[in-house]
Amino acid sequence: MRMPRLTAFLAATAVFVSAFTLAAQAAEEVHVLNWKGYGADEPWAVANFEKATGFKVVNDFFNSEQEMLTKIRTNPGLYDVVMINAAFNDQAMAGKLIQPIDTSKLSNYADIAKDKASSPMLNHDGKVYGVPWVWGLTALAINDKSFDKPPTSIAEMWDPAHKGRVIIRDDAVEAVQFGALASGQNINDIKDMDAVKAKLTSLMPQIKTFWSSENDWNQMVASNQIDIGTYWSGSADRAKTHFKLPVSLVIPQEGSVAWLDAFSIPVGSKNVAGAEAFINYMIDPKFYVEWVTKVGAPVSANTKAVDALPEDAFNRKVMGSPDVAKRIQFQAPITDEQREKYLALWQELKVNVK
Amino acid sequence: MADLLAIGSRRGLRPALPLLLPAYLWLTVAIFLPLSAMVFFSFMTDLPLAGKEWSFTLGNYAAFFSQSLYSTLLFASLRLGLEVTLWCIVIGYPAAYVLAKVLKGRSREAIFLLVILPFWSNGLVRIFSWAMVLREGGILDTALNAVLPFKINIDLMYSYPAVIIGLVHSYVPYMVLTCYLTLQAIDDSLIEAGRSLGASRRQVLWRVIIPLSMPGLIAGSALIFVPVVGSFMEPRILGGRTGTFYGTVIEDQFVAVFNWPLGAALSFILLAVVLIILALAAPVLRRAA
């Protein structure tokens with residue numbers, strides 16, 4: 001008498017478990033490709049989104065824009081949402097890697113700042129290939145312990161007092177554009193490459209090492225090994241708010257490189273509806289305010305989201321001020337030839353340092 | 001007669017085929033095919049992905065010779081390989097000798113385990129642990145300053161010595177293992193014979209032990225030299241601004257700029273240079289062995 005009941009119980013459990021797994025598989029996954037620790041993978045954000053929509057988020061990460069392009073090129077159909085710097089949107093579209101987005105499905109799209117939404121970098125032939133998410137600066141950040149008052153000029157990086165305590169990112173384009181700023185040129189139209197090269201050559205002996213992830217930068221500050229370096233505005237905010245590190249962002253008088261990050265949907269996405277829901281959630285004011293307060297973030301492209309911040313918030317007060325707007329230069333797309341030229345210069349600089 | 005021979009050899013091959021097939025099939029699929037694809041890529045102008053135009057070219061190989069950058073880096077990497085191999089011999093050979101000839105039983109097992117232990121941990125973990133030890137205010141700096149009466153400042157992180165330290169640590173077990181095997185095979189009575197015929201300890205070392213263990217030294221050196229020349233992880237993490245080597249440039253071509261053709265061409269040039277070095281060294285080494 002007992003055996004059949006036990007068997008029945010086991011069978012029922014088995015049926016229940018398999019039904020459960022089936023249901024879990026039916027809840028469609030949204031595969032997201034982004035920088036690590038950059039909003040989309042925040043556990044609370046993922047939990048909120050999954051609860052609201054029933055989609056399951058699977059995060060994957062990249063360490064450079066080129067790696068991101070390589071990942072979507074070599075894994076067609078795997079990703080549903082990819083975060084692309086607007087300057088690379090052209091290249092991704094030309095390579096038939098991303099598809100047009102139906103913005104009528106995104107309820108928050110109408111609130112995006114007009115200048116960002118209509119950016120020629122994200123719109124091609126009247127179709128939208130990228131939804132602006134956040135923008136920020138590649139500026140300077142300082143170790144508060146090393147400065148009595150924050151410096152105002154880029155030239156601080158060349159100060160012999162900071163020899164061996166300067167850090168810059170191991171990225172050819174960023175380094176060359178930084179050299180352009182330091183030599184007083186337009187980052188998108190560099191006329192005097194020799195001046196850039198001379199500037200960077202004299203910077204090399206100052207440098208401690210190159211950073212490639214936020215983690216590198218934060219560890220160098222935490223162990224008090226650097227004074228000053230190039231950093232992203234959102235990352236500096238995160239280092240201060242979330243990791244409680246003595247880091248301050250400096251927007252030098254010579255100007256700063258500005259970038260715009262946008263979400264796109266790769267060609268071959270198996271869950272376009274899920275991708276649209278995720279992108280809409282990412283540009284939602286509620287998510288943004290929570291992201292800024294809990295973690296620290298760059299400036300949202302959604303005007304309503306920025307207005308939802310407190311009056312004196314850095315992202316509203318400083319980043320939104322007309323004085324800063326005048327100084328910053330947005331990155332424009334770069335051709336393959338330019339990129340290879342920049343890389344050759346960067347490699348040469350790194351080799352000559354030996 | 002000739003027919004007989006042919007039958008004989010066929011008879012020899014056919015029964016052996018089922019035994020050989022799995023290994024050769026695996027080698028073909030896992031090594032030969034991807035490697036030939038890379039050879040193919042190295043002669044292309046662009047990858048044929050997403051309908052891009054491409055054609056055959058020698059330009060990727062020409063790039064190596066047209067820019068002094070690559071040959072400078074190749075020499076730096078070869079020098080790095082030589083230095084690391086040398087340090088591995090200096091550190092690994094005496095250890096192997098003690099393991100093979102001095103220690104017996106349990107203590108040998110214990111010491112052996114300590115040599116193998118680093119192999120069981122992930123390479124990246126080991127490199128990051130070195131970062132904690134070597135930096136200013138790191139473990140080495142703090143420990144030395146706690147013991148020494150005077151103040152010294154040790155900041156080896158992000159320097160050429162840091163790269164050497166990290167690489168030697170990663171590769172020294174190879175040298176210990178290969179040398180241990182050949183040293184263990186040396187008959188103790190040969191050493192005793194040398195001693196009883198009046199040779200000093202040093203003479204025994206130079207005229208008996210080192211020549212007889214030469215195959216192990218050579219195998220260990222080749223096992224270390226080849227991967228070190230192409231290494232990119234250790235230089236990148238420990239080398240800082242001095243950490244640009246041939247291997248890191250190849251990695252950049254694959255990962256950072258998506259220029260697989262150039263990356264592949266640079267890799268095959270490295271392979272060719274390493275093969276030439278080994279081929280040139282072979283007669284000398286064989287005579288020594």
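A residue counts as buried at under 20% relative accessible area, as exposed at over 50%, and as partly exposed in between, using a 1.4 Å probe and protein chains only. This is a predicted model, in which local features need pLDDT of at least 70, side-chain atom pairs count only at pLDDT 80 or more, and totals for chains, interfaces and linings use all residues. Residues are numbered from 1 along each chain as its sequence is written, chains are lettered from A and ligands numbered from 1 in the order in which they are written, and side-chain values use heavy atoms, with hydrogens and water left out.

Start with strand E1 (residues 29-35) of chain A. Six of its seven residues are buried, so E1(A) is largely enclosed by the rest of the structure. Strands (E, at least two residues) and helices (H or I, at least four) are DSSP runs, numbered from the N terminus. Strands pair if DSSP finds at least two bridges between them. E1(A) pairs with strand E2 (residues 56-62) in the parallel sense, over seven bridges. It also pairs with strand E3 (residues 81-85) in the parallel sense, over two bridges. Leu33(A) stands opposite Asp60(A) in E2(A) and opposite Val82(A) in E3(A).

Now chain B. Arg126(B) lies in helix H5 (residues 123-134). Arg126(B) is buried yet has no salt bridge, meaning a side-chain nitrogen of Lys or Arg within 4 Å of a carboxyl oxygen of Asp or Glu. The nearest side chain of opposite charge, Glu234(B), is 6.9 Å away; Lys and Arg count as positive, Asp and Glu as negative, and His and the chain ends are not counted.
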